[in-house]
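Work through the exercises below with the sequence and the coordinates open beside you.

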Amino acid sequence: MSNTGYFVDTNVIIDFIKKTDTKAVNELKQLLMQDDVPLAINRIVFMEILRAIPKSEDGKFSSMEKILLESFRLVDIDHDMVARSVELNRLGRAQAITLKKENECGWLDYIHYATAEKYGFQMISNDKDMEKIKELAAQHPWLQV
Amino acid sequence: MIHGYKATQVVSRLNFDIQLTPEKKLYCFIGENGVGKTVMLETMARSLLYMHTVFRTTRPEKKHSGTFFNEKINNAIKDYLLHLPASIEVNQQTIKPAGSGWGIVSLNTIQNYSVPLECDHPVIFIGAKERGYLSNLQSRQFHMLGDAFERWLQVFQKSYNSMYGESTDHGQIAEWFIQRIAINPNFVLDATVRLEETITVLEIMQELEPTLRLLQTDEQGNRRLSLAYHEGNLLFDGVPIEKLPTGFISIIRILQEIISAYGAWGGNGSHLNKIAGIVFIDEIEAHLHIKWQYKILSLLKEFFPNTTFYITTHSPLILSNLEHHEGYRLTRSKDDVTATPIDDIEGYFFTDLVNTYFEVNPITAPLSKQKQERQRVARKALLELQGTIEIAQKECVDE
């Protein structure tokens, strides 16, 4: 698959908003300054960011929502992605690979990975678990029809 | 019913090899413009006419055999031509062998060709052309309801013309309703049966759109139709029929054409919808509101449980309501057209259907100039927003 853009994980956007200085945040910052680079998030990332904004920030909330929608391409989670993330998650468990807080919301990383993989997006994440999923995926390539 | 259809050198020199899962009541075909969907439906329907008992001698075991030899019918359509492929195979039976050397037959000569498989079901073809439009009577006098042969002739001619891409309303639909609501039951013996045809159409329409008040039942159980004939025009709930929204007209035409044909092919009043007919509908979604597109197929299947439908569509909403192996994607390689079944369509999300079967993907499509500009402004705003808004740390995964 060719690299058609970037998928940005929740933790990077949250760190970016908090102005935390990380390698991934700097990469995102650079990409935001380039108009023609496709940057994508999925509905879960969109939701995770918005739910992290406290009520005290209601004044900025709606403009944040609009900015996110217009800055990023919002990807729907489709049947292929669900099937692929389930496959990887099950393979991971079979190999005793577990993610941080996997039974809370850590498993969502599988969905994020499958979203990026489907469209050939490069993943931008601060999460070390993504590397584990990437290795799993390399062992079991996705045979897209 | 057709579950295997091979035809060579159809119009535009297309060859079809269409294999369908048997015993389905609905077959829906999708495919890009120019793949041959309409041509396939038209050719299939014309092949069924070529195989039909109507044009062959009367036999008691074949319900519709010999109809063509009624004098009125024969005089009217004996010289009609049927354009056929060079060869036809239906359900693995050779109907017209390769090398037969001819492609056109008049209806009058069909009886000279014996076929191993005959069709003895009503065949109805509903074309897409001008389906959203119809005309009223415009004050011309309507004809009295004809006899059984005249009624059959009228519906046959309509289907035949549609198989050739022609639209022939000219007030026929308005007249059909008026003929049935205006008859006096004291004079006409089968008046109730004919009125039931109208009621059946209105019932389905009301099921499709419950807010319509086309058919109302009072406390005594008497039904009242919201149809009226006024100064030469048919009114639907007070609105002249030709002024109704195009989606509404499109539905009326589909339902009226099925019911009128079933009535004319010998169906009986309130059981019209139980007839085992074969109905072809080209671009079923034409003019239909999204809400109706979503409901139309399940409603047709429910109301016409013994009908086999062959339809084409460009609508993912229509596709989303199909069941396993009711949907087929037509693809063309040079002049050869084949159909691939769509497996387990019930498991697909709407986005999947749009992406996979209509090849529309907003994620990978380039942005318009306006959207690029909005993206540029939004990204600038996001960069400026850094550090100015409070946000909680993501609770689950990171750190």
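Predicted model: local features only at pLDDT ≥ 70, side-chain atom pairs only at ≥ 80, totals over all residues.

**Exercise 1. Describe the overall make-up of chain B, from its secondary structure to its surface and charges.**

Begin with the secondary structure, which in chain B comes to 10 helices and 17 strands. Next take the extent of the C-alpha trace, which spans about 90 × 65 × 35 Å along its principal axes. Then turn to burial and contacts: of the 399 residues in chain B, 52% are buried, and among the contacts with a separation of 6 or more, 71% are between residues 24 or more positions apart. For the surface, chain B exposes about 18,100 Å², of which carbon and sulfur atoms supply 51%. Finally, count the charges: there are 39 positive and 47 negative side chains, and the centres of these two sets lie 4 Å apart.

**Exercise 2. Determine whether Glu285(B) is buried or exposed, and find its side-chain partner in a polar contact.**

First locate the residue: Glu285(B) is found in the loop between strand 14 (278–281) and helix 7 (290–303) of chain B. Its relative accessibility is 10%, and because buried means under 20%, Glu285(B) counts as buried. The side chain of Glu285(B) is joined to that of Thr313(B) by a polar contact of 2.8 Å. Leaving aside neighbours within four places in sequence, the residues in contact with Glu285(B) include Gln293(B), Thr312(B), His314(B), Ser315(B) and Ile318(B), as well as Thr313(B) itself.

**Exercise 3. Examine the backbone phi of Asp237(B) and of Lys334(B), and state where each residue lies.**

Recall that most residues other than glycine have a negative phi. Asp237(B), although not a glycine, has a positive phi of about 50 degrees; this residue is found in the loop between strand 12 and strand 13 (239–240), and with a relative accessible area of 37% Asp237(B) is partly exposed. Lys334(B), likewise not a glycine, has a positive phi of about 55 degrees. Its place is in the loop between strand 16 (327–333) and strand 17 (336–341), and its relative accessible area of 76% makes Lys334(B) exposed.

**Exercise 4. Place Ile199(B) in the fold and relate its position to that of Ser333(B).**

Ile199(B) lies in helix 5 (residues 191–208) of chain B, where a relative accessible area of 6% classes Ile199(B) as buried. Not counting residues up to four places away in sequence, Ile199(B) touches Leu215(B), Arg223(B) and Leu225(B). Ile199(B) and Ser333(B), in turn, are 134 residues apart in sequence and 46 Å apart in space, C-alpha to C-alpha.

Key. Residues numbered from 1 in each chain as written. Chains lettered and ligands numbered in written order. Heavy atoms only, no water. Helix = DSSP H or I, 4+ residues; strand = E, 2+ residues; numbered from the N terminus. Buried < 20%, exposed > 50% of the residue type's maximum accessible area, 1.4 Å probe, protein only. Contact = heavy atoms within 4.5 Å. Areas by Shrake-Rupley, 256 points an atom, 1.4 Å probe, with all protein chains shown as cover. Lys, Arg positive; Asp, Glu negative; His and termini not counted. Charge placed at Lys NZ, Arg CZ, Asp CG, Glu CD. Polar contact = N/O pair within 3.5 Å; in protein donor to acceptor, adjacent residues only side chain to side chain.
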